[in-house]
Amino acid sequence: MTNQIYSPEKRLEELGFELKPLRKASGNYVGCVRTGNLIFTSGQGTDEYRGKLGKDCTIEDGYMAARQCMLNLLSVIKHEVGDLRKVKRIVKILGFVNSTENFVDQPKVMNGASDLLVQVFGEKGKHGRSAVGMAQLPHHNMVEVEMVVEIEED
């Protein structure tokens, strides 16, 4: 597959996903900042998944929430660069998981985001990752994810 032929947007469609319009920021910040050929995103939650892992949500719920967060982040990247074929490499993701102090499966939750990236981008979707538990997240979100992406030079 060459970059000119392969379309991440087409792959998302094949997987049954659709990128939604950008979510409105809940404060005085922007969805991402581009410096050189790197894009640093703000954290993205999801309106569909609320709750605390280890209390009222399952690992599977968290997995789905992390996947939806990543879809929201891909919308941010697409809005910034116009075409996801410009993604050269997913560098790093950081996942915050709203969880009880005894919940230790944050990495399993974050696989929802990581698995999607590899399904869509293949080898260049493999990334560094941190998954951390949080006492609470804004709007009682189950998961919030941010990422760093390298893009092709213009």
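**Fold and surface**

Author: The chain has 3 helices and 5 strands, where helices (H or I, at least four residues) and strands (E, at least two) are DSSP runs numbered from the N terminus. This is a predicted model, where local features need pLDDT of at least 70, side-chain atom pairs count only at pLDDT 80 or more, and totals for chains, interfaces and linings use all residues. Residues are numbered from 1 along each chain as its sequence is written, and side-chain values use heavy atoms, with hydrogens and water left out.

Reader: Which pattern does the chain follow along the sequence?

Author: Start with the pieces: 3 helices and 5 strands. Read along the sequence, they give α-β-β-α-β-α-β-β.

Reader: Why does the radius of gyration agree with a compact globule?

Author: The radius is taken over C-alpha atoms, and the globule rule is 2.2 Å times the number of residues to the power 0.38. For 154 residues that rule gives a value near 15 Å, so the chain agrees with its own 15 Å.

Reader: What share of the residues counts as buried?

Author: Buried means under 20% relative accessible area, with exposed over 50% and partly exposed in between (1.4 Å probe, protein chains only). Of the 154 residues, the buried share is 42%.

Reader: What does UniProt list for residues 9-148?

Author: Over that stretch the chain is 32% helix and 24% strand, with the end C-alpha atoms 19 Å apart. The UniProt entry is unreviewed, and annotations may be inferred rather than shown by experiment.
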